[in-house]
Amino acid sequence: MINYWPLIGILLVVIGFALKFNPMLVVTVSAIVTGLIAGMDPVEVISTFGKAFNDNRIIAIVWIVLPVIGLLERFGLQQRAAAVIRSMKNATTGRLLILYLIYRQITAAIGLHSTAGHPQTVRPLVAPMALAAAEKQHGHLSEAEAEKVKAYSAATDNVGLFFGEDIFFAIGSIVLIQQILATYGYDLAPLQLAVWAIPTAIAAFLIHATRLVRFDRKLGNRGR
Amino acid sequence: MITLHWLYALAGAMFAAFALLSALDKANPKRLGNAAFWGLMALSLLGGDVIGDFGNGLLVLGLAGLAGFGFIGRSHPPTTSEEEREGWSSKLGNKLFLPALIIPATALLGTLLYNYTPLGQAGWIEPKRETYVFLGLGVLFALAAIFAWLRPPAIAPLQEGRRLIDAIGWAAVLPQMLASLGVLFAAAGVGDAIGSLTRMVIPEGSIFLTVAVFGIGMAVFTMVMGNAFAAFPVMAAAIGVPLLIQHYHGDPAVVGAVGMLAGFCGTLMTPMAANFNLVPAALLELKDQYGVIRAQIATALPLLAVNILLIYLLAFR
């Protein structure tokens, strides 16, 4: 008989996020409640949570780029990115982000997914360039429009990463698929799996690029 | 051999400096909260292997308490004004991009050289972690280049880094918390319960509907867990292997690879995937913390439909 009670932990997370409680508290309360329901004692719950946090410290490493980004912002990096775009004749937000989408998908597909990202490239370069392109083409942006341009910049990074990286065969998700299927007796080479990521990568590019072109048009049509 | 621990030490030292500078920042009314928060991060990175599992657990509770009860707040470390920045930007020109490109270039070239030349056979670096090591090296190169060229005050990289990390706030730690929550969910049997619930809604005899439930299940469970890696083993055990592969004889490579990508469509739509969706919102200083997710939904939903069609068309050729 399957025990359904641990699902309360998921329910707590969904409710907590929906009611906009602080996510750090939501996650902690959910972890503790789930552990207790599953029959762990309090010390065991806290130890399991602490060990998992310690095992995942690699996630915190990307923040070492912040001093460099901050230092370059001090010397006008964002202003420079904007100036470059203003000097280009045909730059639009959509075209710029499509180029970045291609770059991100290709570099991720050859295993270089950690070379770009939100702290490394989106905040210092991509978002300021996309904003400058929009302003150059359409004049001053309202706050809501500027938010949209920044959100699309981050979204483009995610789409490029997610639907490029699985073409690279030595990535965690491919290894995971391989290991899981191997436990059921299906022995596949990583490359056999990676080729099936290509159709989705093409579809992701077509769908997102179409949206970026339409986003350009929407920015152009406002107020008319 | 250079291991990840070298990078933990580097990041830990940086967070320790953020903590110290926070404590001294008299202009910030929440300076002690900030100092404690980044101090705990420094302790985790520098001493996480020494303080034991329970000690790490208490550390995490401390982080959650400081963030959750509003003890940390945004700071305004000394930096340049908008006008000064415009001035520097026109004075320095496009050369200003070069230090920013040192980081990705070092990571890229380093990884390629290490993997495709005899350089890697010396075994200097912990296997599979070379990109991270070259990322760290790139940061140090970039700092050296900026100091040699522009001669900022010695404390400037730490103050500017603190300006950015305080703008991000607790969102910088949330991804690690969610990964830990996933581990606890797995230990508590959440996966088994979800798998058994999904099997109840499968209609008998229709390959297409079974594929659809598999794809949508991957996306929805990924949204709940914030991570397609957590969803995949569960959905594979519930539907992918017993029904699609064994019962209907689908190609395991397609079911596995495209099934995972259906999960990634879920990642685009959930606040639980904090490092992809909430952290950039904080990093770009968006008013709407769900702004990035809103920009992604119209890509994710059609792509999920495409993935379901791809499994149906390619796995059952």
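Against which helices do the buried residues of α11(A) pack? In this predicted model, they pack against α6 (93-109) and α8 (143-165) of chain A, and also against α12 (252-267) and α14 (291-315) of chain B. The buried positions of α11(A) are T200(A), A201(A), A204(A), H208(A), R211(A), L212(A) and D216(A). An α-helix has 3.6 residues a turn, so residues three or four places apart point the same way.

The length of this helix can be checked against expectation. Helix α11 of chain A comprises 24 residues, 198-221, which at 1.5 Å a residue should span 34 Å. Its end C-alpha atoms are 35 Å apart, and the two values therefore agree.

Chain A is divided into domain 1, covering 7-55, and domain 2, covering 62-221. Taken over C-alpha atoms, the centres of these two domains of chain A are separated by 32 Å. Helix α11 of chain A, residues 198-221, thus falls in domain 2 of chain A, whose bounds are 62-221.

For chain B, the assignment gives domain 1 (4-68), domain 2 (83-159) and domain 3 (174-315). The centres of domain 1 of chain B and domain 2 of chain B, again over C-alpha atoms, are 25 Å apart. Their contact takes six residues from domain 1 of chain B and seven residues from domain 2 of chain B. On the domain 1 side of this contact in chain B, the residues comprise six nonpolar, no polar and no charged.

K20(A) lies in the loop between α1 (7-18) and α2 (23-37) of chain A. Its phi is near 60°, a positive value in a residue other than glycine. K20(A) has 11 other C-beta atoms within 10 Å, and because the limit for an exposed residue is 12 or fewer, K20(A) is classed as exposed.

In chain B, R151(B) is located in the loop between α6 (130-150) and α7 (156-168). R151(B) is not a glycine, yet has a positive phi of about 45°. With 9 other C-beta atoms within 10 Å, R151(B) is likewise exposed.

Technical notes. Residues are numbered from 1 along each chain as its sequence is written. Chains are lettered from A and ligands numbered from 1 in the order in which they are written. This is a predicted model: local features need pLDDT of at least 70, side-chain atom pairs count only at pLDDT 80 or more; totals for chains, interfaces and linings use all residues. Helices (H or I, at least four residues) and strands (E, at least two) are DSSP runs, numbered from the N terminus. A residue is buried if 20 or more other C-beta atoms lie within 10 Å of its own, exposed if 12 or fewer, and partly exposed in between; C-beta atoms are placed from the backbone. Domain bounds come from an automatic or database domain assignment. The expected span of a helix is 1.5 Å times one less than its number of residues. Two residues are in contact if their C-beta atoms, placed from the backbone, lie within 7 Å. Ala, Val, Leu, Ile, Met, Phe, Trp, Tyr, Cys and Pro count as nonpolar, Asp, Glu, Lys and Arg as charged, and the others, Gly among them, as polar.
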